[in-house]
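Me: I am new to this structure and would like a short tour. Could we begin with the terms and then go through the parts?

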Amino acid sequence: MYNGELVTSFLQREGIYPSAEPEKSDGLALKLEHNQILLSGTACDLIDLADLLVSLALSGESKGQHWHVDDLTLMDNSSEISELILFRK
């Protein structure tokens with residue numbers, strides 16, 4: 001599956017993509033807290049996640065397409081939950 005980074009491209013074209021310099025990014029962090037999942041990251045991390053979600057939604061592929069978000073991609077190494085799987089029904 002191809003990630004065309006549509007959200008990033010749009011935000012850059014509009015001149016509203018946030019600067020990554022003020023925030024150091026270690027990636028997304030997932031945590032189970034009070035029976036809820038807490039997802040945290042910098043603005044750029046969240047935009048990267050949005051790119052993956054949009055590419056998954058628009059893939060045009062058959063059902064079952066998915067992305068793995070882990071320490072090799074967008075996940076912070078110290079995240080309480082080490083992997084997030086984005087799965088298309």
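Reply: Buried means under 20% relative accessible area, exposed over 50%, and partly exposed in between (1.4 Å probe, protein chains only). Helices (H or I, at least four residues) and strands (E, at least two) are DSSP runs, numbered from the N terminus. This is a predicted model, in which local features need pLDDT of at least 70, side-chain atom pairs count only at pLDDT 80 or more, and totals for chains, interfaces and linings use all residues. Residues are numbered from 1 along each chain as its sequence is written, and side-chain values use heavy atoms, with hydrogens and water left out.

Me: How many helices and strands does the protein chain have?

Reply: The protein chain has two helices and four strands, arranged along the sequence as α-β-β-α-β-β. Of its 89 residues, 27% are buried. The C-alpha trace spans about 35 × 35 × 25 Å along its principal axes.

Me: Which residues of α2 are buried?

Reply: They are C44, D45, I47, L49, D51, L52, S55 and L56. Helix α2 covers residues 43–57, which is 15 residues. From first C-alpha to last, α2 reaches 21 Å, close to the expected 21 Å; the expected span is 1.5 Å times one less than the number of residues.

Me: What do those buried residues pack against?

Reply: The buried residues of α2 pack against α1 (6–14), β2 (36–40), β3 (66–69) and β4 (84–87). Contact here means heavy atoms within 4.5 Å.

Me: At what angle do α1 and α2 pack?

Reply: The angle is about 125 degrees, and the axes are 7 Å apart. That makes α1 oblique to α2. Axes are lines fitted to C-alpha atoms, for helices over the stretch in contact, and angles run from 0 to 180 degrees between N-to-C directions. Angles under 35 degrees count as roughly parallel, over 145 as roughly antiparallel, 65 to 115 as roughly perpendicular and the rest as oblique. On the α1 side L6, V7, T8 and L11 take part, meeting I47, D48, A50, D51 and V54 of α2.

Me: Is T8 buried or exposed?

Reply: T8 is buried, because its relative accessible area is 8%. Beyond its neighbours within four places in sequence, T8 contacts Y17, I47, D48 and D51.

Me: Now the core. Which residues make up the largest nonpolar core?

Reply: Ten residues do: L28, L30, L49, L52, L56, W67, V69, L74, M75 and L86. α2 and β3 are the elements that give two or more residues to this core, and α2 provides the largest share, three residues. A nonpolar core is a set of buried Ala, Val, Leu, Ile, Met, Phe, Trp, Tyr and Cys residues joined through side-chain atoms within 4.5 Å.

Me: And what does L74 touch?

Reply: Not counting residues up to four places away in sequence, L74 touches G27, L28, D48, L49, L52 and V69.

Me: Where does S59 lie?

Reply: S59 lies in the loop between α2 and β3. S59 counts as buried because its relative accessible area is 18%. A polar atom of the S59 side chain lies 3.3 Å from the backbone oxygen of L56. Setting aside neighbours within four places in sequence, S59 contacts M1, Q65 and R88.

Me: One last topic: what is phi for N35?

Reply: Phi of N35 is near 65 degrees, a positive value in a residue other than glycine. N35 is placed in the loop between β1 (29–33) and β2, and counts as exposed because its relative accessibility is 76%.

How values were computed: A polar contact is a pair of N or O atoms within 3.5 Å; within protein, one must be able to donate a hydrogen and the other to accept it, and residues adjacent in sequence count only if both atoms are side-chain atoms.
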